[in-house]
Each structure stands twice: as C-alpha cells, then as structure tokens.
Amino acid sequence: MPASNVLLLGPPGSGKGTQGVRVARRLGVEHIATGDLLRAEVTAGTALGQQATWFMRAGDLVPDELITQLVMPCVVAAAAAGGYVLDGFPRTVAQARTARELAEQVGASPHAVVHLDVPPEQATSRMLARRRAQGRVDDTAETIAHRIEVFERVTRPLVEYYRGRGLLHVVGADRPVDEVTEAIMRVLSG
Ligand code: AP5
C-alpha cells in the first residue's frame, strides 16, 4: 500500500501544486494547498485573509499561528476521510513541531515527505512564465528572489528535520511533469 498521508516540500516553483493535484488523484486522497487556502481567504475578505495578504504580497511567510489554525483542521478531516497530499505546510520547524503534536493525537501524522528538488534558476523561470500567463501578484522577479531566500533560510531546515525522522524522499523536479509524478509515485510505493 502506498503512503496515504503525504507532505510535499520544496521551493517556490518546484511543482508542489502541480504534483499535489496529480498525486492526490492517483492516491485517491484530498489535495490541500496552503497557498490556495490563503488566497481563498484573501479573496473572501475574511479577518485571516486581511492579516495574511501583506505577508503574501511581500513573499514573506504568514505567522505560524495563523497558518496552523487554517490548515490543521483540514488535515485532520482529510486524514479521517482516507488521507491527504499537503503542499506548502509546514514551512518552519515551529509549524512542523506544532503539527506533529496535533496530528499524533488524532492519527493524522504524515507517512512520507517528498522534497521536490529543483535549481533556483529553473524555479524562477517557471514563476516568471506564470506571471506572464496568470499575473500572480507574488511572481515579480524581486518577490520571487525573496521567496526563494525565505525558503533557503527558514524552510530548508525541514529537509534535515524529516530526514532525521526517517520520512524524507528526495525527487528531482527539474524534468517533465509526468516524469516527476511517476518518480513520486515510485518513492511512495517503495
Ligand atoms: P504558495 O502558493 O504555496 O506558493 P509557493 O510555495 O511560493 O509555491 P508556488 O505556488 O509558486 O510553486 P509550487 O511549488 O506550488 O509550483 P507550481 O506547481 O505552482 O504560497 C504562497 C504564499 O502563501 C507564501 O509565499 C506565504 O506567504 C504563504 N504561505 C503558504 N503556506 C505557508 C505556510 N505554511 N506558512 C506561512 N506562510 C505560508 O508550479 C509553478 C509553475 O511551474 C506553474 O506555472 C507550473 O505549471 C510550472 N511547472 C510545474 N512543474 C513543472 C515542470 N516539471 N516542468 C515545467 N513547468 C512546471
């Protein structure tokens, strides 16, 4: 049986969202994308969305408490319903520790963590192309550079955190979308 509670970890533009949809469909579980959840809150004009919007525009992480209160109920519900592919959370060691405590209490812990590894230049050119096609506000050259710097400084330590817990799989994401999906499915089945 492949893992059914899966975290996708990777820098901006690594393909977390693209692969999250595909892998969740293959596993028959829910795809949860923190960026999409936050953008929905911003569009709806909720209090949480109003607090998050400036962090997102600047390419900074929203505060740990905000994102945890938004995401963890979705994770717990999805795990109870059969599993999840979670893309974009956790992004700090503090988020990971809080999520671990909450998830362990209800049997929603991840079975596998997939690190999508892609060179920054390639991730940047993908996001600039998306900017031209979709106009996402945080896809300017300056904000992309900052988002990548935030990933390297604050999120990359999670690679070692999850390696230490025996959950980490590294998948090269600098190749065509289908190949990346197949590589992820292989590590989840292995
Ligand atoms: P979020 O929406 O998660 O943005 P991100 O992590 O910066 O990631 P992206 O959506 O840019 O990239 P991706 O890795 O999902 O790749 P994608 O598949 O889209 O978060 C936005 C903001 O929300 C954050 O900056 C932060 O402010 C906040 N936030 C979210 N989670 C948070 C948390 N836990 N804590 C605090 N704050 C949080 O692909 C990118 C492009 O490349 C697409 O156009 C796609 O079509 C293309 N592409 C994908 N794969 C390939 C491939 N193999 N070959 C060619 N092109 C490809």
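## Ligand contacts

A polar contact is a pair of N or O atoms within 3.5 Å. This is a predicted model: local features need pLDDT of at least 70, side-chain atom pairs count only at pLDDT 80 or more, and totals for chains, interfaces and linings use all residues. Residues are numbered from 1 along each chain as its sequence is written, and side-chain values use heavy atoms, without hydrogens and water.

A side-chain N or O atom of Arg-126 sits 3.4 Å from a nitrogen atom of the ligand. The backbone contributes too. A backbone N or O atom of Gly-15 is 3.0 Å from a ligand oxygen, and a polar backbone atom of Gly-17 is 2.9 Å from an oxygen of the ligand. The protein covers 86% of the 1000 Å² of accessible area that the ligand has on its own (Shrake-Rupley method, 1.4 Å probe).

## Helix H8

H8 spans residues 157-164, and its buried residues are Leu-158, Val-159, Tyr-161 and Tyr-162 (buried: under 20% relative accessible area, 1.4 Å probe, protein chains only). They lie on the same side of H8 because they cover an arc of only 165° around the axis, taken from the directions from the helix axis to the C-beta atoms.

Just after H8, Gly-166 has a positive phi of about 75°.

## Nonpolar core

A nonpolar core joins buried Ala, Val, Leu, Ile, Met, Phe, Trp, Tyr and Cys residues through side-chain atoms within 4.5 Å. The largest has 30 residues; Leu-38, Tyr-84, Leu-86 and Tyr-162 touch the most other members. H4 gives the most to this core, with 8 residues.

Terms used. Buried means under 20% relative accessible area, exposed over 50%, partly exposed in between (1.4 Å probe, protein chains only). Helices (H or I, at least four residues) and strands (E, at least two) are DSSP runs, numbered from the N terminus. A polar contact is a pair of N or O atoms within 3.5 Å; within protein, one must be able to donate a hydrogen and the other to accept it, and residues adjacent in sequence count only if both atoms are side-chain atoms.
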